[in-house]
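Dear colleague,

Please find below the structure that I am handing over to you. My notes on it follow directly after.

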Amino acid sequence: MRHFFPILILLLGSTSVAEAQISYSGRLEAGYQHYLFRTLTVDPGPSWNGYNLNEEQNGFNFTTSNGLAFAKRKLYTGIGLGYLNYEGIEGISIFGDFEYLPSNKRLSPLLNLRLGYNHIWNQYENGIGSMHTEFGLGVNYKMKEKLGVYIKSGLLITQQSILVPITLGFRF
């Protein structure tokens, strides 16, 4: 009985993967991040140099993500890397990228989740790093079986701030 559940999960997982048609997929994106507000207020101490985005900067980002598509390309999971620029403060991000398309039609909604880390070189010596959590909703237009273009928006929580990302992307 002790081995029943692990074996059952393994069998169910192998049968679903066998029919899932796994394939490589990638994403290229460009986006704008509109600053909304800070997630905390600091009582400054002697070594405090200001908030991470001290002038409430909006940002631009360019990202790429590479991974695997499952279930007739409706489910995607990958690893991404990005360049960030918050009105002169540059940075990089690395993240896990999860996406779901509920439909295989030419025009489909999409749900996206990104979890990771980013580092910006701001007023602090050597810059500062932060978690990166992004929730997104959008619309995907399938041009061909493996090619598509999409637009999405949502909420981004990073660098002690909440931003609204607006992203245009290309999937292949």
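Predicted model: local features only at pLDDT ≥ 70, side-chain atom pairs only at ≥ 80, totals over all residues.

Residues are numbered from 1 along each chain as its sequence is written, and side-chain values use heavy atoms, with hydrogens and water left out.

Arg27 lies in strand β1, residues 23–38 (strands, E, of at least two residues and helices, H or I, of at least four are DSSP runs numbered from the N terminus). The side chains of Arg27 and Glu99 are joined by a polar contact of 3.3 Å (a pair of N or O atoms within 3.5 Å; within protein, one must be able to donate a hydrogen and the other to accept it, and residues adjacent in sequence count only if both atoms are side-chain atoms). Leaving aside residues up to four places away in sequence, Arg27 touches several others, including Asp97, Tyr150 and Phe170 (contact means heavy atoms within 4.5 Å).

**Overall arrangement**

The protein contains 1 helix and 8 strands, in the sequence pattern α-β-β-β-β-β-β-β-β. Of its 172 residues, 40% count as buried. Among the contacts with a separation of 6 or more, 57% are between residues 24 or more positions apart.

**Two residues with positive phi**

Most residues other than glycine have a negative phi. Arg73, although not a glycine, has a positive phi of about 65 degrees. Arg73 sits in the loop between β2 (59–70) and β3 (75–86), and counts as buried because its relative accessible area is 14%. Glu87, also not a glycine, has a positive phi of about 45 degrees. Glu87 belongs to the loop between β3 and β4 (89–100), and is exposed because its relative accessibility is 55%.

Yours sincerely

Definitions and conventions. Buried < 20%, exposed > 50% of the residue type's maximum accessible area, 1.4 Å probe, protein only.
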